[in-house]
Amino acid sequence: MAYLGPQGFDPNSVEPAQDFAPVPSGEYLAIIIDSEVKPTRNGAGEYLALTHQIIDGEFKGRLVWSNLNIVNANEVAQRIAQQQLSAICHAVGITQAISDSELLHNRPLVIRVEYVPENVEKGWRAKNEVKAWKAPANAAPAPAPARPAAPAAPAAPAAPEAPW
């Protein structure tokens, strides 16, 4: 027996742990709640690690992860990651250059998730992969770029200066 302290433990004071099994394939309304640039396994590149949280439906609260190879010796892998990051930016209404991935956080978007079964030969458990990102159906369109002001009307001729 293990003593849990003078107050003991009240299981009603803490939300139960959630299931970490992969969610079924499908589209989910989500937000990005965390992002971090990390070195690739070989140290020659960097990837953007994203944590998505499903915010609606049966799997509300569940987490799904994706990694984007933003700096990679393989130009194709890097281009794919840049296209994916562009899709994410457009999905959350960002159409200007960004330098901080935190700008992607807490903005609703739809993620298309695929269930990937366990592969014993490759040594991985069943998992999810995020395959696409898009704006939610009810998302407000991104604000239109500001239009330049109309040219000013020609100024009226200045009154002659007073002689004093």
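Predicted model: local features only at pLDDT ≥ 70, side-chain atom pairs only at ≥ 80, totals over all residues.
To start with the overall layout, the chain has one helix and five strands. The chain is made up of 164 residues, and 24% of them count as buried. Its exposed surface comes to about 12,300 Å², with carbon and sulfur atoms supplying 54% of that area. As for how the chain meets itself, take the contacts between residues at least 6 apart in sequence: 47% of these join residues at least 24 apart.

Two threonines are worth a look in turn. Thr40 is found in the loop that runs between β1 (26-39) and β2 (46-54). Is Thr40 buried or exposed? Its relative accessibility is 13%, and because the cut-off for buried is under 20%, Thr40 counts as buried despite its place in a loop. A polar atom of the Thr40 side chain lies 3.5 Å from the backbone nitrogen of Ala44. Once the neighbours within four places in sequence are set aside, Thr40 is in contact with Gly45, Glu46, Tyr47, Asn69 and Val71.

Thr51, in turn, lies in strand β2. Thr51 is buried too, since its relative accessible area is 10% and the limit is under 20%. Which side chain does the side chain of Thr51 join through a polar contact? The partner is Trp65, and the contact is 3.3 Å. Trp65 also turns up among the residues that Thr51 touches, leaving out those up to four places away in sequence.

Asn106 gives a contrasting picture. This residue is found in the loop between α1 and β4 (109-116). With a relative accessible area of 55%, Asn106 is exposed, because the cut-off for that class is over 50%. The backbone is of interest here as well: phi of Asn106 is near 60 degrees, which is a positive value in a residue other than glycine.

Rolling a probe the size of a water molecule over the atoms shows where empty space is left. The largest pocket has a volume of about 510 Å³. Its lining is made of 15 residues, and the closest to the centre are Ser66, Asn67, Leu68, Asn69 and Gln84. Which elements give two or more residues to this lining? They are β3 (63-71), α1 (75-91) and β5 (127-134). By type, the lining residues divide into seven nonpolar, five polar and three charged. Asn69, one of the residues closest to the centre of this pocket, is also in contact with Thr40.

The second largest pocket holds about 310 Å³ of space. It is lined by 13 residues, and Val64, Trp65, Ala126, Lys127 and Asn128 are the closest to its centre. Both β3 and β5 supply at least two residues each to this lining. Here the division is eight nonpolar, two polar and three charged.

Conventions: Residues numbered from 1 in each chain as written. Heavy atoms only, no water. Helix = DSSP H or I, 4+ residues; strand = E, 2+ residues; numbered from the N terminus. Buried < 20%, exposed > 50% of the residue type's maximum accessible area, 1.4 Å probe, protein only. Polar contact = N/O pair within 3.5 Å; in protein donor to acceptor, adjacent residues only side chain to side chain. Contact = heavy atoms within 4.5 Å. Areas by Shrake-Rupley, 256 points an atom, 1.4 Å probe, with all protein chains shown as cover. 1 Å grid on protein atoms, 1.4 Å probe; cavity = no way out; pocket = protein on both sides within 12 Å on 5 of 7 lines; lining within 4 Å. Points joined across faces, edges and corners; volume = space filled by probe spheres on them. Nonpolar A, V, L, I, M, F, W, Y, C, P; charged D, E, K, R; others polar.
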